[in-house]
Each structure stands twice: as C-alpha cells, then as structure tokens.
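Dear colleague,

Please find the structure below, with the sequence alongside. My notes on it follow.

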Amino acid sequence: MKNRSLVSITDYSKAEYLKILDLAETFEKEPKQNILKDYVVATLFFEPSTRTRLSFESAASRLGAKVIGFSDVSSSSVSKGETLKDTILTVSNYSDIIVMRHPREGSARFASEVSPIPVINAGDGGNQHPTQCLLDLYSIRKTQGRLDGLNIAFVGDLKYGRTVHSNVMAMCNFETTFHLVSPIELKLPSYVKMHIKDNNLNYYQYTDLNEIIPIADIIYMTRIQRERFSDPIEYEKVKNAYILTADMLSGCRENMRILHPLPRVNEITEDVDSTVQAYYFQQALNGVFVRQALLSAILGVK
Amino acid sequence: MQNDNKRKELVVSAIQNGTVIDHIPAKSVFRVMRMLNLEQIDTQITVGMNLESRKYGRKGIIKVSGQFFESEAINKIALIAPTASMIVIKDYEVVEKRNVEIPDEITRFVRCVNPNCITNHQAVATRFKVIDKNDLKLQCHFCEKITGKNNIDIL
C-alpha cells in the first residue's frame, strides 16, 4: 500500500486490513517511535472535525512527523475562492502525505486523482470515512480476539450512517452474521444488504433492541437524528426505542462489547459507561494506533 | 408500394457519405442532437421527427453528411435512445449498421444526481460506472451514489 491513497474502505483487500491491524498492534505496544521524523503530514480540514483531526495529528506527532495544515476554511485560501484542485497541488509541494476532510462527497477521490502524493480520506461528506472503519475493525478484533464468525448488531440509523455501511462492507470479509436493529424508516439500504447476500452471509432485521442483546458479540450503536424524519411524530415515536441502558445488559454474552463512533447524545445512558461492556472510549484511543499504522504503511516506512 | 417508397425518399433524402442515426424515440431527437454536439458541425444535417415507424409507431431520424462518429460517442446516446441504430454510408452504400450499446463507463455528459457531489460544485468532469444496463443504474466514480434512469440529466 506504499504511496497508495486510501479513499474508500473497499480500496483495500482483506490482507491489507489485516496488515494495518497488525501494525496498529505494534504501535499500541510502543506508541512513540521516531520513524517519520523526515516527513511532513498535511491535515486539510475543510470542515471542522476536532476528534478526527487531533487523532491524526497525535498519530503523526508520536511518530516524529511535522504537521502542517488548517482546521477550518476561514483560515485558508479556500475562503478566497481557491479550487480544491489548486489547494491540493499547492499543499503537495509542501508535504509528503495529505489527510483531508471535506464536506462534499467524492472530494477525496478527486483529490487523490489530482494529487502527486497519497491522500487519506478523513471523511468526505456522508460518503466514506475509512479510517473510522479500520479503527472499528481493530476494536472488534481486540475485544473478541478474532474477526471471523462474529454476531454483530448495528443499532440506530442504518440508512444514513456511513460508518455502518462501510463496517458492514468490511465485515463481509469475515463470515459475520449481521443483526440490524432500526426503525422501519431507517433500515439498511438494499445495496448494502445485497453486498451481504453476495458474500453468502446472513442478516436479520429487528425493530426491538432487546432482541439482539443475548445474541450479539458486538453491539454497534449509532445516533438517530431528528432531521432524518420527514414526519416529526414518527421521530417522537421511535426516539426512545433505541437507547441502551445498563439494566438492559443483564442477559448479554460475557464477551459482548459496545462500540459507538462518538459523539453520542443520549443513545447510550451514562450508567453504561462504568459497565465492563462499554468500550467506546477505548475505541477512540485505538484510532491513534490505526492512524499511525496507516501513515507509516502509506509512507513506506513500515 | 412503389409510390410509398418514393414518398419516403422525399421526406428524408439519402446522403452520399456520412452517418444516419435511425429509430430514435420521437421525443429524444433534440437530446440526441445535443449529445452529439451537432450544433458545432458545418456539414449538411437532415432531421426527421415523428416519422412513421413499423416497429415503434413514431420515430426520429438524423442524417449527418460527411461525418463519422467514434463508437464511444454513438454509444452515449443509448442512455436516452436505447432503440437507436447507427448506419454508416459511403458512396450511397450502407457499409456498417449496428444498434447502439450502453457503454461500461460514461464520462462527462451526465450530471450526478447527488446535490452534494463534488462534480456539482467544482470543475470536475463527471464519471460513472454503469452497474446495471437493463434497469439503467450509473454509479458515480467520485461520490459513489447511484443515478437511476429516471434521474438522468444530460449536461
């Protein structure tokens, strides 16, 4: 994967996912390594995303790289009307790799095609966010000791949640059984379900969160947003049906862990945080190791 | 019978050298002309619309003198005129006749249905992979969203 951009989770093969996860493990054991001291990482955030940006910058800094860039467009020449192409070509003169977040869908693919240096997509609108997906895979493997043959439940907004779509696509490589819990209005899109079927795997759909608690190895929670509903009454009806509380966890599997891409609003109550099942904060920390792995693999030093 | 043939000849005259695009759905003739950029061509162009067709009821036909098109250009029109056929004429003789075929990839002339796609905001040429030719579905190379046959908007 040396010098190759990462735009979409499907750009990588199963073997490449595993390589990144293995590398991330070595960074978890030894997070500070001065292996990128001769490199400059550009972080171009055309829309603010503090969590993702800090995670990348932390990953780069712990490897000794210099970080340049901007965290919102008002402080860059984009506010003067510069095109994305010109920004990318200019920045590529100053850096060795570009990490980009942009509100327009498809911007990352376009940037990777005009850029002479590799581009890592840190989110292009509602389209792709592959580093989130890789850190989720890392978290799943770390908590379960394996990726193959797990029962994974996705809960909440399965229609618009891009992390859910990429995670389902990626987990199709690992004999997963999918349990899909959502209101009728927010069911997983049919093209993603087709992908599951094409891989000869099974999925089951539910509207009741309680049904999957005893069978899931991983419960992946997502937020249901009010603006996704055309009818506000429909939102009021379902908004409390997908909230996970500590007392719901009594019948769960011992190995079960709860993931969430964060930020959460109210879909996981605070009393869950102190249970052994809560994993979402460690999940965020894993993002640094996975991004260290990506930077060093793409720059060709590991 | 003889008279009938004669009258057809008068409606749309034959060309010596060039390309005939026949069996265009009657309503799509103008779009096909735009797609082939015929406004930019200086040679003689004859257009027939709402002609009788035994196969399709009514059809359109375009005859372009002195011009020969790349098959890629002709295949583009399959998106809006799937029944069309292309006939190449040299010295009044038909030297090639074939139906249009939907290509595997489409560049430039279709707009992406996704209003938030980068191609609708910056000078980025659109590009699609044709993922279903029967029930026409185009997947955007950039934003990965699918433009279906009811949403096809020709640039």
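Which residue in β4(A) is the bridge partner of His102(A)? The bridge partner is Asp124(A). Before going further, please keep in mind that this is a predicted model.

**The strands around β3 in chain A**

His102(A) belongs to β3(A), where it is buried on one side of the strand together with Ile98(A) and Met100(A).

β3(A) pairs with β4(A), residues 119-124, in the parallel sense over 4 bridges. To get from β3(A) to β4(A), the chain passes through helix α4(A), residues 107-114, and this β-α-β crossover is right-handed. β3(A) also pairs in the parallel sense with β1(A), residues 40-45, here over 5 bridges. Within that pairing, Val41(A) has Ile97(A) of β3(A) as its bridge partner.

**Where chain A meets chain B**

The contact between the chains draws on 10 residues of chain A and 14 residues of chain B. On the chain A side, α4(A) gives the most, with 3 residues. By type, the residues on that side divide into 5 polar, 3 charged and 2 nonpolar.

**Two helices of chain A**

Helices α1(A), residues 14-29, and α9(A), residues 280-298, have axes that come within 8 Å and cross at roughly 115°. The crossing is right-handed. Residues making the contact include Ile20(A), Leu23(A) and Phe27(A) from α1(A), and Val290(A), Ala293(A) and Leu294(A) from α9(A). The residues of this contact divide into 9 nonpolar, 2 polar and 2 charged.

Phe289(A), in helix α9 of chain A, also takes part in that contact. Leaving aside residues up to four places away in sequence, Phe289(A) touches Ala24(A), Phe27(A) and Glu28(A). Why does Phe289(A) count as buried? It has 25 C-beta neighbours inside 10 Å, and the cut-off for a buried residue is 20 or more. The C-alpha atom of Phe289(A) is separated by 9.5 Å from that of Phe56(A), although the two residues are 233 apart along the chain.

**Chain B**

Chain B has 3 helices and 11 strands. From the N terminus, its elements run α-β-α-β-β-α-β-β-β-β-β-β-β-β. Its C-alpha atoms fill a box of roughly 55 × 30 × 20 Å along the principal axes. Of its 155 residues, 29% count as buried. Among contacts in chain B between residues at least 6 apart in sequence, 61% join residues at least 24 apart.

Four strands of chain B form an open sheet in the order β6-β8-β9-β10, with antiparallel pairing. β6(B), at 105-107, and β10(B), at 146-148, stand at the edges with a single partner strand each, so one side of each is left without a neighbour in the sheet. Neighbouring strands in this sheet are turned by 30° against each other on average, direction ignored. β9(B), residues 137-140, is joined to β10(B) by 3 bridges, and the two run antiparallel. Here Gln139(B) has Ile146(B) of β10(B) as its bridge partner.

Regards

Terms used
Residues are numbered from 1 along each chain as its sequence is written. Chains are lettered from A and ligands numbered from 1 in the order in which they are written. This is a predicted model: local features need pLDDT of at least 70, side-chain atom pairs count only at pLDDT 80 or more; totals for chains, interfaces and linings use all residues. A residue is buried if 20 or more other C-beta atoms lie within 10 Å of its own, exposed if 12 or fewer, and partly exposed in between; C-beta atoms are placed from the backbone. Two strands pair if DSSP finds at least two bridges between them. A crossover is right-handed if, with the strands pointing away from the viewer, the path from the first strand over the helix to the second runs clockwise. Two residues are in contact if their C-beta atoms, placed from the backbone, lie within 7 Å. Ala, Val, Leu, Ile, Met, Phe, Trp, Tyr, Cys and Pro count as nonpolar, Asp, Glu, Lys and Arg as charged, and the others, Gly among them, as polar. Axes are lines fitted to C-alpha atoms, for helices over the stretch in contact, and angles run from 0 to 180 degrees between N-to-C directions. A crossing is left-handed if the near helix is turned anticlockwise from the far one by less than a right angle, and right-handed if clockwise.
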